[in-house]
Amino acid sequence: MSDLSPTEAAVEPADAPQVPSTARMIDHWLGGTDHFPVDVAAAHAFEGAYGPCADIFRSLRGFLGRTVRHLGAAGIDSFLVFGAGVPTRGNVHEVAPSASVLYTDIDPVTIALGQRILAGADRAAYAYGDATDLSTIDPALLARYVPAWGRAPVGVVFLGLAAFLDDAALARTLDELYAAVPAGSRLAFDFDGLELAGHPEALAFMGEGFHMRDPAAFPALLGRWRPTADGISPVARWRPDGPPEDVPDAFHGGVAVK
Ligand SMILES: C[S@@+](CC[C@H](N)C(=O)[O-])C[C@H]1O[C@@H](n2cnc3c(N)ncnc32)[C@H](O)[C@@H]1O
């Protein structure tokens, strides 16, 4: 039996991507095997500028799990995931195995990885989808893997994505999603707070298209979506299962309802 990870075994070195992806860096920090040498190098470089990241991303993935279970408890069994990254390590279909899940992203390498990981899955699939343009999602896949779409409340998972959209694009995208989903649908969201403002080298690493936000400014961007009574909080403190993880408040988030 090979001790190579699926990714390492399936991708020839010449085909490995040369550009890192934040999603695959997160897979590295979560202890996954679905990433490439360029992602590990970028993860190490970022940690050199900021400090250890694994605990922060474990806490963030725990938040994903709690939001998905919360949506499941509200009766939601169809999920549309944007900016999905690598669909492992406590991702939506693992937390809610009886639900239907369509993961989407715009990064071709990550999409191919996700499709390979989910090959053979009955109720989960991975496809191209630009969160800023719903028409980019194949309607046949939407109908098959988000069966409640257009008929009953769905779960929209919007995690790790806000940082890549400026305020105008984020507000417009969230409003278009609101208009597209049935009443009672839930949005699980997060965003980068101001943590990196205190780490200029790490902030520079993220580039010009990276958007941090003051938590006080976020409700306006949600527009018509109404946060639940839990409000918007650092992710470790959003409905924690026990004592919240002792991590920096790098990410804030919550659940909002149509
Ligand atoms: C920081 S990663 C987050 C991955 C995953 N949600 C997680 O929490 O592990 C952000 C992902 O968003 C994707 N992305 C960036 N802009 C996007 C857009 N306009 N629509 C959909 N995905 C996008 C990137 O390709 C990347 O995979």
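Helix α3 of this predicted model runs over residues 37-50, and its 14 residues reach 20 Å from first C-alpha to last, close to the 20 Å expected at 1.5 Å a residue (that is, 1.5 Å times one less than the number of residues). Helices here are DSSP runs of H or I with at least four residues, and strands are E runs of at least two, numbered from the N terminus.

Which residues of α3 are buried? They are V38, D39, A42, A43, F46 and Y50, where buried means under 20% relative accessible area and exposed over 50%, with a 1.4 Å probe and protein chains only. These cover an arc of only 135° around the axis, so they sit on the same side of α3; the arc is taken from the directions from the helix axis to the C-beta atoms. P37 and G48, on the other side, are exposed. Just after α3, G51 has a positive phi of about 130°.

Now for the pockets.

A pocket is an open set of points on a 1 Å grid where a 1.4 Å probe fits, with protein on both sides within 12 Å along at least five of seven lines; lining residues have an atom within 4 Å of a point. α2 gives the largest share of the largest pocket's lining, 6 residues. A42 is among the residues lining the second largest pocket.

Residues are numbered from 1 along each chain as its sequence is written. Local features need pLDDT of at least 70 and side-chain atom pairs 80 or more, while totals for chains, interfaces and linings use all residues, and side-chain values use heavy atoms, without hydrogens and water.
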